[in-house]
Amino acid sequence: MRRGSPEVKCILNYIDGRFVRGKREFADVNPADGTVIAQVSEADQSLVDDAVRAARKALRGDWGRLSVRDRANLLRQIAAGIEARSDCFVAAEVADTGKPVALASRLDVPRAAANFRAFADLISTAGLEAFQTETPDGKNALNYAVRKPLGVVGIITPWNLPLLLLTWKVAPALACGNTVVVKPSEETPATATLLAEVMHEAGIPDGVYNVVHGFGADSAGEFLTQHPDVNAVTFTGESQTGAAIMKTVAASVKPVSFELGGKNAAIVFADCDFEDAVNGIAEAVFLNTGQVCLCAERIYVERAIFDGFVDALKCKAEGLRVGSPLEKTTDLGPLISVQHRDKVLSYYRLAREEGATVVTGGGTPEFGSALDQGFYVQPTIYTGLQESSRCVKEEIFGPVCHVAPFDTEEEAVNKANDTKYGLAASIWTTNLKRGHRVAQQMNVGITWVNCWFLRDLRTPFGGVGLSGIGREGGIHSLNFYSELNNICIRV
Ligand code: NAD
Ligand code: 6OH
């Protein structure tokens, strides 16, 4: 790790409307060249306590008395505030993650604003069920439910789409009238902190949005999840971390929503639109350097087009521009950290040991510049692995896939479903009936047909098995982030 500029700034915690320094600091590293871009102030137990106390207090203040219409208007102000500072958010996200500036400008930052607008609209229009009930004495009762906030929500997020995934949870939590304490990934603390400034400018009362920085176990993450005054925990990250958090929250029986890892499959039938499928799969494998939970790492291709498909995908992979995230034409930036690169490279080695044929990649690129200090790997394609091999079973979370042939639809479905994960799948075919039939057999939370990562924020989003618990998105988010009180009136 190299030091960057001598005036490295410090990213602070945000508690009760004030930026607060903790006792210890850790480094925020730019993955593109290994420089330290900031020091981050770590929240200890007492700062996490302060944040939760501030969030609890804010529930009893002006925020708790706001009408739904006023809350929705504030969310729209936040969206506008993000857009007004779009360049700052893009710059911060690019420096923290190493993702290409074009991607952050097209995906991460606009989606953050869209998240707030979507939940402002939804909370303004969402209804709840009502039932007219016949009573035993032949009269009537009316049942209806009202929505109340859960209280203080703890939000823990990963580093791959930091602002997008944070706002995906903060927006519905605030829409439902909760207050939040967020713990962004230690790798990507900047945009959650910048969002605090937007919250303040938008007029969000102090204590409604709090940010604590730090790590997981024995640090801010664990302090937050085990806090007795946190009413619910929503988490996106690795399945193993989800399991650890579940143990921690079990003691106080908090509701949890978990969006976890995946080992997603794509099935490409011979009747697909070939060019469309190659482009779609290349995006599904390599977007964000393969660091999207929805990325496809297992590609099953019908035998009749297998060889041609592998050649075409190889051509796409070799045409990707791997380089500086700041170049507008860069397709692929680095991985998030040196540790994550070690993990991905260990799978590149393992694939060879397990008998893979390396179609392309399998190593690290050389630039002959400062980028050689960055955490880059080559886009990589394997064939020839056994379905039982670790590289086909375990989430790698890099720009890599294994492509295998299949002969029948049933075989493709069985192979795609043969995983402990179950987040997303994509199916590529021009046969509409087959598209529906196969999609409905996928044991996942999200299936795309002839597309990938095409999002409508009203739809249920989540996974089965090791990929998570619960669904967020649209009304599903509102239902997680609120308590329903059913009222039965004898009339
Ligand atoms: P991670 O689980 O290592 O960390 C995520 C967050 O949890 C971080 O903020 C971390 O500090 C915190 N944390 C770690 N241990 C903790 C503990 N014991 N208690 C409380 N907090 C703790 O995940 P990551 O490496 O940052 O992200 C990559 C993973 O996230 C991949 O597995 C990916 O598939 C998954 N992911 C899933 C989705 C989804 O929607 N399903 C979306 C994005 C990423
Ligand atoms: C995982 O890396 C991507 C998750 C995407 C979303 O949660 C979303 O709402 O698009």
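In the predicted model, ligand 2 sits in the second largest cavity. The residues that surround ligand 2 are Arg111, Asn160, Leu161, Leu165, Trp168, Val292, Cys293, Leu294, Phe453, Arg455 and Phe461. Sorted by class, this shell holds 8 nonpolar, 1 polar and 2 charged residues.

Oxygen atoms of ligand 2 take part in several polar contacts with the protein. A polar atom in the side chain of Asn160 is placed 2.8 Å from an oxygen atom of the ligand. At Cys293 the backbone is involved instead, with a polar backbone atom 2.8 Å from an oxygen atom of ligand 2. For Arg455, an N or O atom of the side chain lies 2.7 Å from an oxygen atom of ligand 2. Of the 310 Å² of accessible area that ligand 2 has on its own, the protein covers 99%.

Ligand 1 sits in the largest pocket.

Polar contacts to ligand 1 come from both backbone and side-chain atoms. On the backbone side, an N or O atom of Thr157 is 2.8 Å from an oxygen atom of ligand 1, and a backbone N or O atom of Glu238 is 2.9 Å from an oxygen atom of the ligand. Trp159 contributes through its side chain, where a polar atom lies 2.8 Å from an oxygen atom of ligand 1. The protein covers 92% of the 850 Å² of accessible area that ligand 1 has on its own.

Ala425 belongs to strand β19, which spans residues 424–428. The relative accessible area of Ala425 is 3%, and this residue therefore counts as buried, the cut-off being under 20%. Ala425 and Ala439 are 14 residues apart along the chain, and their C-alpha atoms are separated by 8.2 Å.

Technical notes
Residues are numbered from 1 along each chain as its sequence is written. Chains are lettered from A and ligands numbered from 1 in the order in which they are written. This is a predicted model: local features need pLDDT of at least 70, side-chain atom pairs count only at pLDDT 80 or more; totals for chains, interfaces and linings use all residues. Side-chain values use heavy atoms; hydrogens and water are left out. A polar contact is a pair of N or O atoms within 3.5 Å; within protein, one must be able to donate a hydrogen and the other to accept it, and residues adjacent in sequence count only if both atoms are side-chain atoms. Accessible areas come from the Shrake-Rupley method with a 1.4 Å probe; for residues, only the protein chains shown count as cover. On a 1 Å grid over the protein atoms alone, a cavity is a set of points where a 1.4 Å probe fits but cannot get out, and a pocket is an open set with protein on both sides within 12 Å along at least five of seven lines; lining residues have an atom within 4 Å of a point. A molecule sits in a cavity or pocket if more than half of its atoms lie within 2 Å of its grid points. Helices (H or I, at least four residues) and strands (E, at least two) are DSSP runs, numbered from the N terminus. Buried means under 20% relative accessible area, exposed over 50%, partly exposed in between (1.4 Å probe, protein chains only). A residue is near a molecule or strand if one of its heavy atoms lies within 4 Å of it. Ala, Val, Leu, Ile, Met, Phe, Trp, Tyr, Cys and Pro count as nonpolar, Asp, Glu, Lys and Arg as charged, and the others, Gly among them, as polar.
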